[in-house]
Amino acid sequence: MVMRRFAVTVLVCVIAMQLQSAESHAQGAHVTGAYPTKPIRIIVPFPPGGSNDIVGRFIGQKLTARLGRQTVVDNRAGADAIIGTSLAANAAPDGYTLLIVSTTYTMTPATHKNLPYDPLKSLTPIALIATGPNTIATWPGLQVNSVKELIALAKAKPGQLHYASSSAGGVTNFAGELFKLMAGVDIVHVTYKGGGPAMIDVMSGQVPVLVNTLLPVLPLARSGRLKVLGVTSAKRTSILPDIPTIAEAGVPGYEASIWWGMLGPAGMPRDIVTKVNVEIGAILGEAETVKWFTLQAADPLTATPDDFRRLIATDISKWSKVAKEAGISIQ
């Protein structure tokens, strides 16, 4: 009888161990060492060819090499990035749907009052990727050679100068309005559907001032068709080291950089978030990556998920105040 009871006890223990092992195996997708086991989708909530798309594809290729699983970029443009962002927010939080965002993500809450997602709760911050400056440039025929001279001219002619940007409620619009508020000038915003048309009109003198991302401005500045007065980043950019920041050039404390980062759906396992963050950090430390971003007029930028979360919250507050003071809204 004693031996029979002992045998039953042993059998129960063996069964329990097997069940525990099976459960652990089933949960393997949530264990860092097992992820990923299938292709990863990276949603870009903008059309192909833009900065988010370019950054997303570069990082995707690098992640494919490091993780040993294919990453597929899925462009889901529309409604000022709201469509693609909503798609990511509603995806399963298993690490197989990721989202590329930029500073625009923190501006959208200020211009769209009824978002279908909560920017602070519906998505998980994973990693920052890079940062780059916008720039304030002018038509070469405008008789100003510095930010201080532009401010002086604008104050002498309130409401008579105009600046062009690539969109209403976008990064360059916010950068321009922040400049107006901090410099205390009245320059009228002219909205264009893209940076290309905006630059064409500034080069021809139809609009004297341009606020745009730096990369497409570079060749035009080097050929003398645009005059760069300053960059909007906190520090000078290595690709134009002689050009001062707007803060240095006459508006202390001014900063309106663009950054890119990666999010996932809310509720992602912490170990998967950490793994992707570490892999992206390793990618950003590669000499090839640093060179690639330099050519894009940007710099790699690493941060912990918690630091990224704080940046998002800070920027949402910052740009909401700018939108309110400047009257920026999307009809």
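# Exercises on a predicted chain

Of the contacts in the chain with a separation of 6 or more, 78% are between residues 24 or more positions apart, where contact means heavy atoms within 4.5 Å. The model is predicted, so local features need pLDDT of at least 70 and side-chain atom pairs count only at pLDDT 80 or more, while totals for chains, interfaces and linings use all residues. Residues are numbered from 1 along each chain as its sequence is written, and side-chain values use heavy atoms, with hydrogens and water left out.

## Exercise 1: the chain

State how many helices and strands the chain has, and what share of its residues count as buried.

Solution. Helices (H or I, at least four residues) and strands (E, at least two) are DSSP runs, numbered from the N terminus. The chain has 12 helices and 11 strands. Buried means under 20% relative accessible area, exposed over 50%, and partly exposed in between (1.4 Å probe, protein chains only). Of the 331 residues, 48% count as buried.

## Exercise 2: helices α3 and α4

Determine which residues of α3 and of α4 are buried, and what covers them.

Solution. Start with α3, residues 82-89. Its buried residues are I82, G84, T85, S86, A88 and A89. That is 6 of the 8 residues, so α3 is largely enclosed by the rest of the structure. The cover over these residues includes β1 (40-44), β3 (97-102), α4, β4 (123-132) and β10 (258-265).

Next take α4, residues 104-111. Here T104, Y105, T106, M107, T108, P109, A110 and T111 are buried. With 8 of the 8 residues buried, α4 is therefore largely enclosed by the rest of the structure. Its cover includes α3, β3, β4, α6 (171-183), β10 and α12.

## Exercise 3: the packing of α4 and α12

Describe how α4 and α12 pack, and list the residues that meet.

Solution. Two packed helices are described by the angle between their axes and the distance between the axes. Axes are lines fitted to C-alpha atoms, for helices over the stretch in contact, and angles run from 0 to 180 degrees between N-to-C directions. For α4 and α12 (residues 305-326), the angle is about 45° and the axes are 8 Å apart. Angles under 35 degrees count as roughly parallel, over 145 as roughly antiparallel, 65 to 115 as roughly perpendicular and the rest as oblique. The two helices are therefore oblique to each other.

On the α4 side, the residues in contact are Y105, T106, M107, P109 and A110; on the α12 side they are I312, D315, I316, W319, S320 and A323. These residues divide into 8 nonpolar, 2 polar and 1 charged. In this scheme Ala, Val, Leu, Ile, Met, Phe, Trp, Tyr, Cys and Pro count as nonpolar, Asp, Glu, Lys and Arg as charged, and the others, Gly among them, as polar.
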